[in-house]
Amino acid sequence: MSNHVLIIDADSGAAASTRAVVQRRIPNASIVCEATPERGWSSAQHTPPDLLLIDPAPYPSTGSLLIQLCQEWWPGIRVLVLASGPVSSARRQQFHADAYLEKPASPARVLAAIVDLLQKSERLQAQYESGTSPR
């Protein structure tokens, strides 16, 4: 199964680094990088992602809204927030993310979170297709 990963990060260097890490470990993944939530939403509508990786720092309200929209449209989507800096626990809860890391996070930690979330996404998809309920 090919995974589709959508990376939204205003820092193009960070996005490129994350993309390279994912491509080395998951070479068959389709990866799209966008700089803003608006462009990310447009991309997601074209090809729904299995994983949304977002740094909401430059646009916390819009980033939070994008996460909510994606989760409503594609219930199996997994969300990893990779934040540029510390965020209060109350703010973290607003993101409704499956995982949360703060930059700088080691490539190994980021990759471990991505692989874990993609595996969860694949299990949910398989349960949906077989008609069994998620546990």
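**Exercise 1.** How many helices and how many strands does the secondary structure of the chain come to?

*Solution.* The model is predicted. Step one is the count: 5 helices and 5 strands. Step two is the order along the sequence, which follows the pattern β-α-β-α-β-α-β-α-β-α.

**Exercise 2.** Which residues touch the most other members of the largest nonpolar core, and which elements give two or more residues to this core?

*Solution.* Start with the members. The largest nonpolar core has 21 residues, and Ile 26, Leu 51, Leu 80, Leu 101 and Ile 114 touch the most other members. Next, list the elements that give two or more residues: strands E1 (4-8), E3 (51-54) and E4 (78-83), together with helices H1 (12-25) and H5 (107-130). Of these, H5 gives the most, with 7 residues.

**Exercise 3.** Which residues does Leu 101 touch, not counting residues up to four places away in sequence?

*Solution.* Take the contacts in sequence order. Leu 101 touches Leu 80, Val 81, Leu 82 and Ala 83, and then Arg 109, Val 110 and Ala 113. Apart from the core treated in Exercise 2, there is a second, separate core of 17 residues; among them are Ile 8, Trp 41, Leu 52 and Phe 95.

**Exercise 4.** What share of the residues of the chain counts as buried, and what share of the accessible surface belongs to carbon and sulfur atoms?

*Solution.* Buried here means under 20% relative accessible area. By that cut-off, 41% of the 135 residues count as buried. The accessible surface comes to about 7,200 Å², and carbon and sulfur atoms hold 52% of it.

**Exercise 5.** Of the contacts with a separation of 6 or more, what percentage comes from residues 24 or more positions apart?

*Solution.* Such residues account for 68% of those contacts in the chain.

Terms used:
Residues are numbered from 1 along each chain as its sequence is written. This is a predicted model: local features need pLDDT of at least 70, side-chain atom pairs count only at pLDDT 80 or more; totals for chains, interfaces and linings use all residues. Side-chain values use heavy atoms; hydrogens and water are left out. A nonpolar core is a set of buried Ala, Val, Leu, Ile, Met, Phe, Trp, Tyr and Cys residues joined through side-chain atoms within 4.5 Å. Buried means under 20% relative accessible area, exposed over 50%, partly exposed in between (1.4 Å probe, protein chains only). Helices (H or I, at least four residues) and strands (E, at least two) are DSSP runs, numbered from the N terminus. Contact means heavy atoms within 4.5 Å. Accessible areas come from the Shrake-Rupley method with a 1.4 Å probe; for residues, only the protein chains shown count as cover.
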